[in-house]
Amino acid sequence: MKTMVVILVLISLAPFASGKEVVQEISWSELSAGSNILHGIVDGENLKIDEGPSRALPVSLLVIEHPRLNRAQYAVVGRIKYNDVKPAAYLEMWNDFGNGKKFFTRTGDSSGPLKTISGTSDWRFFALPFLAQADGPPPNQLEINMVFPGSGAVVLSPLQLIQFE
């Protein structure tokens, strides 16, 4: 239990931690120029995802192959706004370490940067943090998905992949 509390504190403070390093800026407009957007429509610098009644399957938004990470603690961060999302939806990041080892982070909390996506919200900060094994290899791939069990509209700002101590 104590370990879980420490991890939750680290996760909530991660984007503000000293020693934060931006590993990659993720620009939706640049990705769309190369046809690298997997789902959604680029509107200026933002990505719009508008779903009608659908299934609770992941909608793949972005895959980062061989991220240049050299620290065990990292996160994908950005801003999100949404309208009339019901029932609750969530963002998720799958961390693929090879050999069938995959782990995920989801936005599923009641508040903070991991807050569930439900109802309507103006721009707010979100984070998809991960704490890997300190002596383990970096992930081979990060996949960012949106899961809509119902309907709604979501807008994502450009993202950052950060790592921190």
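**Exercise 1. Is Arg-71 buried, partly exposed or exposed?**

Solution. Keep in mind that we are working with a predicted model. Arg-71 has a relative accessible area of 25%. Buried would require a value under 20% and exposed one over 50%, so Arg-71 is partly exposed.

**Exercise 2. Which residue does Arg-71 pair with in a salt bridge, and which parts of the chain does the pair tie together?**

Solution. Let's begin with the partner.
- Step 1: Arg-71 forms a salt bridge with Glu-21, and the closest N and O atoms are 3.4 Å apart.
- Step 2: Glu-21 belongs to strand S1 (residues 21–26), while Arg-71 sits in the loop between strand S4 (58–65) and strand S5 (73–96). The two parts tied together are therefore 50 residues apart in sequence.
- Step 3: Glu-21 is partly exposed too, at 32% relative accessibility.

**Exercise 3. What is the geometry of the aromatic pair formed by Phe-103 and Phe-130?**

Solution. A search of the whole structure gives five aromatic pairs.
- Step 1: For Phe-103 and Phe-130, the distance is 6.3 Å centre to centre and the angle between the planes is 35°. Planes under 30 degrees apart would count as stacked and those over 60 as edge-to-face, so this pair is tilted.
- Step 2: Phe-103 lies in strand S6 and Phe-130 in strand S7 (residues 117–131), so the pair ties together parts that are 27 residues apart in sequence.
- Step 3: Phe-103 is partly exposed at 42% relative accessible area, but Phe-130 is buried at 13%.
- Step 4: Ring pairs also link both residues with Tyr-74 and Phe-97 into a cluster.

**Exercise 4. Which residues touch the most other members of the largest nonpolar core?**

Solution. This core has 33 residues.
- Step 1: Those touching the most other members are Leu-61, Leu-62, Tyr-74, Leu-91, Ile-117, Val-154 and Leu-156.
- Step 2: Strand S5 gives the most to this core, with eight residues.
- Step 3: Apart from this core lies another, of five residues, including Ala-75, Val-77, Ala-127 and Ile-162.
- Step 4: Take Leu-156 as a case. Beyond its neighbours within four places in sequence, its contacts include Trp-28, Leu-61, Leu-91, Trp-123 and Phe-126.

**Exercise 5. Where is confidence lowest, and where is it highest?**

Solution. Start with the overall picture.
- Step 1: The mean pLDDT of the protein is 85, and 82% of its residues reach 70 or more.
- Step 2: Confidence is lowest in helix H1 (residues 2–13), at a mean of 48, and highest in S7, at 96.
- Step 3: Over residues 1–6 pLDDT stays under 50, and the model has zero contacts beyond four places in sequence for them.

How values were computed: Residues numbered from 1 in each chain as written. Predicted model: local features only at pLDDT ≥ 70, side-chain atom pairs only at ≥ 80, totals over all residues. Heavy atoms only, no water. Salt bridge = Lys/Arg side-chain N within 4 Å of Asp/Glu carboxyl O. Helix = DSSP H or I, 4+ residues; strand = E, 2+ residues; numbered from the N terminus. Buried < 20%, exposed > 50% of the residue type's maximum accessible area, 1.4 Å probe, protein only. Phe/Tyr/Trp six-rings, centres within 6.5 Å; stacked < 30°, edge-to-face > 60°. Core = buried A, V, L, I, M, F, W, Y, C linked by side-chain atoms within 4.5 Å. Contact = heavy atoms within 4.5 Å. pLDDT = per-residue confidence, 0-100.
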